[in-house]
Amino acid sequence: MVRSTVLFLLIAVATSASAKGWSTPAGGRSTSGGPEVLFTFDDGPNPTTTPKVLDILAKHQIKAVFFMVGEMVDTQNKKVPPIIARILRDGHVIANHTMTHQDLCRVKTIEAAIADIDDGRAAIEKVAAVQMVWFRAPFGVRCDRLDGLLAERGIEHFHWDLDPQEWKHNDKTKTVNYVTGSLARSSARNVLLLHDIKPVTVAALPEILAWIDGENAKRTKANQKPIRILQAPELAIEQLPTGLVAFARDAIERLRGLRGDLASVLP
Ligand SMILES: [Zn+2]
């Protein structure tokens, strides 16, 4: 009896935990048919470490997603606005990670949760001058209240598949081994969670990318699918509703036509 009660409780806990989680794969299915990885960086920007992450990404021509914290953007530090301008210039995507990085399922009032989502968005949009499309809750929490708030705002949560937890253990080798080991075994699309405010992330990133280069050279020789690095803007376009993509394509065609018409009547 005791045993069955314990078993029941374990099942109940496991079921309720998975019911609160976000569905994976977080970025949809692989379109290359092989392993894919999207780099995402949370909690920044940081005036010291974020530019180093940007240098590494630029060297490898990788476009990532930066889930920023409003407080880190809305600061007196004069180095921050040029970093945000560079992130956009380099072709990365900026997204909202709340104003003060609280657990939105545990903050006492719904007003506090609302303020953290909306103020974060406003603070980042004010400096970046681009609209936030993606949102990620601090700690990746999920609850009915947050589901409701996101639905009201037409926002979908952008979760992750791979979390090396480098922010917690600060161990470069552990971080590299987790990411490379996961990618070596994967044939799916992986959204990788990293933190551009952490020196350990800056140290691990070149090793992860060097491993991908080496692994892909081996795979190409063996006629295997390489690990594809997914570029953030590509994913943004992929996630647009099909109708909107068609609309945008038609609009561009119409503009081209208009240009042609104007050219024919102008001297
Ligand atoms: Zn975070």
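Helix axes are lines fitted to C-alpha atoms over the stretch in contact, and angles between N-to-C directions run from 0 to 180 degrees. Helices (H or I, at least four residues) and strands (E, at least two) are DSSP runs, numbered from the N terminus. The model is predicted: local features need pLDDT of at least 70 and side-chain atom pairs count only at pLDDT 80 or more, while totals for chains, interfaces and linings use all residues. Residues are numbered from 1 along each chain as its sequence is written.

The secondary structure of the protein chain comprises 11 helices and five strands. Of its 267 residues, 32% are buried, that is, with 20 or more other C-beta atoms within 10 Å of their own; 12 or fewer count as exposed and values in between as partly exposed, with C-beta atoms placed from the backbone. Two residues are in contact if these C-beta atoms lie within 7 Å. Among contacts in the chain with a separation of 6 or more, 79% join residues 24 or more positions apart.

Helices α5 (residues 110-128) and α6 (residues 144-153) pack with their axes 11 Å apart and at an angle of about 45°. The two helices are therefore oblique to each other, a class left for angles that are not under 35 degrees (roughly parallel), over 145 (roughly antiparallel) or 65 to 115 (roughly perpendicular). The contact involves Ile110, Ala113, Ile114 and Ile117 of α5, together with Arg145, Leu146 and Leu149 of α6.

In helix α2 (residues 49-59), the buried residues are Thr50, Val53, Leu54 and Leu57. Viewed down the axis of α2, they fall within an arc of 100° and so line one face of the helix; the arc is that of the directions from the helix axis to the C-beta atoms. The packing partners of these buried residues are β1 (36-42), α4 (80-89) and α9 (199-221). Just after α2, glutamine 61 adopts a positive phi of about 50°.

Most residues other than glycine have a negative phi, and most peptide bonds are trans. Threonine 98, in the loop between β3 (93-96) and α5, has a positive phi near 75° and is buried, with 27 other C-beta atoms within 10 Å. Asparagine 170, between α7 (166-169) and α8 (172-185), also has a positive phi, of about 55°, but counts as partly exposed, with 14 C-beta neighbours inside 10 Å. A cis peptide bond with omega of about 0° joins threonine 24 and proline 25, the latter in the loop between α1 (2-20) and β1. Glycine 44 and proline 45 are likewise joined by a cis peptide bond, with omega of about 0°; proline 45 lies in the loop between β1 and α2.
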